Amino acid sequence: MLINPQEIQQVANEVMNMLHEEEIEIFNEFYDAVVAKDIEKIDELFKVVLFDVEDHFKTEEDMMEQNKYGYFQVHKSDHDTMREKLNKFHKRWEILKGPTELQGFLEKDFKSWLKLHISKWDTEMALHLSGGN
Ligand SMILES: [Fe+2]
Ligand SMILES: [Fe+2]
């Protein structure tokens, strides 16, 4: 398991909490395949991961736009940074098929990024949507 769901902060919006729960589940499954160096499973799950991340980010961005949220750009640019990293690692995976590199990225970069992003930007956004600020 990469991320224990209890490590992730709940935000004041149930749609977002559901997106996060789903994402953690998929990343945990992906991580297990990476640790097991199961090349076929990683091939398959990497696509699911990319699709799920895009769904998560795009849904939040649409919600921010609809609500004319002031921190839209800075929140989106934090999503974009992770989109670029995931795409870069996917391209490298397609060529190198190196699970060790992926494992390092998930443990040292993605996990802390997700926790921080949710506790900072998603928390602030959810408060705004619920009329809290
Ligand atoms: Fe989020
Ligand atoms: Fe976000």
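## Close-up views of a predicted helical model

**View 1. Helices H3 and H4 side by side.** H3 passes H4 in a left-handed crossing. The model shown here, as in every view, is predicted. The axes of H3 and H4 lie 11 Å apart, and the two helices pack at an angle of about 165°. That angle is over 145 degrees, which makes H3 roughly antiparallel to H4. From H3, the contact draws on His 75, Asp 78, Met 82, Phe 89, Arg 92 and Trp 93. From H4, it draws on Glu 101, Leu 102, Phe 105, Trp 113, His 117, Trp 121 and Met 125. Sorted by class, the contact of H3 with H4 has eight nonpolar, two polar and three charged residues.

**View 2. Helix H3 and the residue that follows.** H3 covers residues 72-96, a run of 25 residues. From its first C-alpha to its last, H3 reaches 36 Å. That is close to the 36 Å expected at 1.5 Å a residue. Just after H3 comes Lys 97, with a positive phi of about 50°.

**View 3. Arg 83 within H3.** Arg 83 lies in helix H3. Arg 83 has 15 C-beta neighbours inside 10 Å, so it counts as partly exposed. Gln 10 is 73 residues from Arg 83 along the chain. The C-alpha atoms of Arg 83 and Gln 10 are separated by 23 Å.

**View 4. Helices H1 and H2 side by side.** H1 spans residues 14-35 and H2 spans residues 39-66. Their axes are 10 Å apart, and the packing angle is about 160°. This value too is over 145 degrees, and H1 and H2 are therefore roughly antiparallel to each other. H1 passes H2 in a left-handed crossing. H1 brings Met 16, Leu 19, Glu 22, Glu 23, Ile 26, Phe 27, Glu 29, Phe 30, Ala 33 and Val 34 to the contact. H2 brings Lys 41, Ile 42, Leu 45, Val 48, Val 49, Asp 52, His 56, Thr 59 and Glu 60. By class, the contact of H1 with H2 divides into 11 nonpolar, two polar and six charged residues.

**View 5. Lys 37 in the loop between H1 and H2.** Lys 37 sits in the loop that joins these two helices. Its phi is near 50°, a positive value in a residue other than glycine. Lys 37 counts as partly exposed because 14 C-beta neighbours fall inside 10 Å.

**View 6. Lys 68 in the loop between H2 and H3.** Lys 68 is found in the loop between H2 and H3. Lys 68 is not a glycine, yet its phi is positive, at about 45°. With 8 other C-beta atoms within 10 Å, Lys 68 is exposed. The cut-off for an exposed residue is 12 or fewer.

**View 7. Ser 130 beyond helix H4.** Ser 130 belongs to the segment after helix H4, which covers residues 99-129. Ser 130 is exposed, because 11 other C-beta atoms lie within 10 Å. Leaving aside neighbours within four places in sequence, Ser 130 is in contact with Ala 12 and Asn 13. Ser 130 and Asn 13 are 117 residues apart in sequence. In space, C-alpha to C-alpha, Ser 130 and Asn 13 are 7.2 Å apart.

Definitions and conventions: Residues numbered from 1 in each chain as written. Chains lettered and ligands numbered in written order. Predicted model: local features only at pLDDT ≥ 70, side-chain atom pairs only at ≥ 80, totals over all residues. Helix = DSSP H or I, 4+ residues; strand = E, 2+ residues; numbered from the N terminus. Buried ≥ 20, exposed ≤ 12 C-beta atoms within 10 Å, placed from the backbone. Contact = placed C-beta atoms within 7 Å. Expected span 1.5 Å × (residues − 1). Axes fitted to C-alpha atoms, helices over the stretch in contact; angles between N-to-C directions. Parallel < 35°, antiparallel > 145°, perpendicular 65-115°, else oblique. Left-handed = near helix turned anticlockwise from the far one by under 90°. Nonpolar A, V, L, I, M, F, W, Y, C, P; charged D, E, K, R; others polar.
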